[in-house]
Amino acid sequence: MLGEGKFISNGYKDVFFAVVFVVHLIGILVLACYSFATLNWKHSASLGGRLGDGQAFNPEDMLIAVGASIGTALVSAIVLLLLLKTFAREFIVASQIIQLLAQAAGFIVALLQGVPELAIIAAVFLVMNLLWLGVVWRRIQFSSVILASAAEVIFAFPGTICVAFAGVVVTVVYFVAWAATVDMLWNRYSGLKPVLLLSLFWSCQVWKNIVHVAVAGTVATWYFLCNNMPVWPTAGAVRRATTTSLGSICLGSLFVSLVQLTRAAVQSMRGSRNSFVAMCLDCLLGFVDSLMQYFNEYAYCQVAIYGKGFLEAARDTWTLVQNCGLTAVINDNLISTTLVMVSVVLSLLAGLTAALVPRDSGNYWNYVLLGTAIALFILLTVMSTLNSAIITIFICYAEEPQALEFSNRELAEQLREAVSRISTGHPYFAVSQPLIAFPISQNQPYHHV
């Protein structure tokens, strides 16, 4: 049976960083408890009363609007996952066409308004997008199969979505504790400001990446053991993400948080004489931050699938990038554009729905904005789990396409057909070869119940 004898634990990785993170977290929580214990609650209550006197929403109507937007967003997310399982290609093609139409409309409006500069810019983007679509058109089928498969997994294992929302709750709770600590220490000990900021950046990265690794672990288990799934695959993935793989997550998150801390320091210099230099450095660090987070998404999948330490996962991810990085970028671009566009449209619909429910018509647009914001947050959270599934399936297929022949022959045939539509001479896709050759003996998935 596929997977038997292969899914073994590789033990704890990068333990030192896990210990440091947990100790620092305990310190934040202890200080937060002390801060809450010494807080002047009477003053806070009176302040809250003054702030509440001028509220713009009727409380009952606001609750109705929030409930309507949450319900609409959740139903929309479920329907979207169902539709993506069948019409993934149509969604991707439609999103690309809508982009072209929007750019063409911008070009026409700029001409009619007599603004030739904007018309030229719109025309350049339109031509570039047309050329891009011509280049990637034959790859849309591959992306659509990956997207449909990811939607199928997320729909089959809704626990992954629950994990994502649990991660949001943990992040909010931590932020409250961090804010209480900052309130107590920020002005008293100025030397601790960088440490407190680093704590915020590091912790937020860790919570987000734990969710990513948990979802990736669930999807990888499905990829290798589709016909022999354990009873609670998501629970097992969460356990590994918070135990054996926690150190790897903390180490990778620390690298990103250090860049973010440096960027925050640079941003504080924007008003000085060297504001131009600071602006350039800010842009550069912002690019590095985004690039590192994008790279880490793939590295964490290596952590989730094979139980590697972060540095080993990063080295193997770099090998993956060298062999099929262009394919990964194109695949992510096609799918992410689709998901963001659909999320925005559904959020607007949810916002309009939320505004129709309350009886207070005087605050119609306020309810629209409130409902749209809530729905967008919910949908983007669901889409983040879908994105984790997409990256995981891509990596699994890039490294071990033959595993699908045993676990999911139908999906293997669909991907093989999608690959065959791309030129066999393309360096990133060879029809008779896997996307990247990793010795199976060196990469042992470690999923176990």
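This is a predicted model: local features need pLDDT of at least 70, side-chain atom pairs count only at pLDDT 80 or more; totals for chains, interfaces and linings use all residues.
Visitor: Why is Ser-149 called buried?

Guide: Its relative accessibility is 4%. Buried means under 20%. So Ser-149 counts as buried.

Visitor: Where is Ser-149, and which residues is Ser-149 in contact with, leaving aside its neighbours within four places in sequence?

Guide: Ser-149 is in helix 5, residues 140-156. With those neighbours set aside, Ser-149 is in contact with Trp-222, Ile-393 and Leu-411. Contact means heavy atoms within 4.5 Å.

Visitor: Which residues lie closest to the centre of the second largest pocket?

Guide: The volume of the second largest pocket is about 290 Å³. It is lined by 16 residues, and the closest to its centre are Lys-85, Val-145, Ala-148, Ser-149 and Gln-414.

Visitor: Which helix gives the most to the lining of the second largest pocket?

Guide: Helix 5 does, with 6 residues. Helix 3 (59-112), helix 5 and helix 14 (409-420) each supply at least two residues. By type, the lining divides into 5 nonpolar, 6 polar and 5 charged residues.

Visitor: What makes up the lining of the largest pocket?

Guide: The largest pocket has a volume of about 770 Å³. Its lining has 31 residues, and Lys-208, Glu-297, Leu-380, Ser-384 and Thr-385 are the closest to its centre. The lining splits into 15 nonpolar, 13 polar and 3 charged residues. Helix 12 provides the largest share, 10 residues. Several helices each supply at least two residues, among them helix 6 (159-185), helix 7 (193-224) and helix 10 (275-306).

Visitor: Why is Phe-175 called partly exposed?

Guide: Phe-175 lies in helix 6. Its relative accessibility is 44%. Buried means under 20% and exposed means over 50%, with partly exposed in between. The value falls in between, so Phe-175 counts as partly exposed.

Visitor: How far apart are Phe-175 and Leu-200 in sequence and in space?

Guide: They are 25 residues apart in sequence. In space they are 7.5 Å apart, C-alpha to C-alpha.

Visitor: How many aromatic pairs are there, and what makes Phe-142 and Tyr-397 one of them?

Guide: The structure holds 12 aromatic pairs. The ring centres of Phe-142 and Tyr-397 are 6.4 Å apart. Centres within 6.5 Å make a pair, so these two rings qualify. The planes are at 45°. Stacked means under 30 degrees and edge-to-face over 60, so this pair is tilted.

Visitor: What does this pair tie together?

Guide: Phe-142 lies in helix 5 and Tyr-397 in helix 12, so the pair ties together parts 255 residues apart in sequence. Both residues are buried. They also belong to a cluster, in which ring pairs link Phe-142, Tyr-294, Tyr-298, Phe-394 and Tyr-397.

Visitor: Why is the pair of Tyr-300 and Phe-310 called tilted?

Guide: The ring centres are 5.8 Å apart and the planes are at 45°. Tyr-300 is in helix 10 and Phe-310 in helix 11, 10 residues apart.

Visitor: How do you know whether Tyr-300 and Phe-310 are buried or exposed?

Guide: Tyr-300 has a relative accessible area of 1%. Phe-310 has 4% relative accessibility. Both values are under 20%, so both residues are buried.

Visitor: How many disulfides does the structure hold?

Guide: It holds 0. Cys-250 has a relative accessible area of 0%, so Cys-250 is buried. Cys-324 is buried too, at 1%.

Note on methods: Residues are numbered from 1 along each chain as its sequence is written. Side-chain values use heavy atoms; hydrogens and water are left out. Buried means under 20% relative accessible area, exposed over 50%, partly exposed in between (1.4 Å probe, protein chains only). A disulfide is a pair of cysteine sulfur atoms within 2.5 Å. On a 1 Å grid over the protein atoms alone, a cavity is a set of points where a 1.4 Å probe fits but cannot get out, and a pocket is an open set with protein on both sides within 12 Å along at least five of seven lines; lining residues have an atom within 4 Å of a point. Grid points are joined across faces, edges and corners, and a volume is the space filled by probe spheres set on the points. Ala, Val, Leu, Ile, Met, Phe, Trp, Tyr, Cys and Pro count as nonpolar, Asp, Glu, Lys and Arg as charged, and the others, Gly among them, as polar. Rings of Phe, Tyr and Trp (its six-membered ring) pair if their centres lie within 6.5 Å; planes under 30 degrees apart count as stacked, over 60 as edge-to-face and the rest as tilted.
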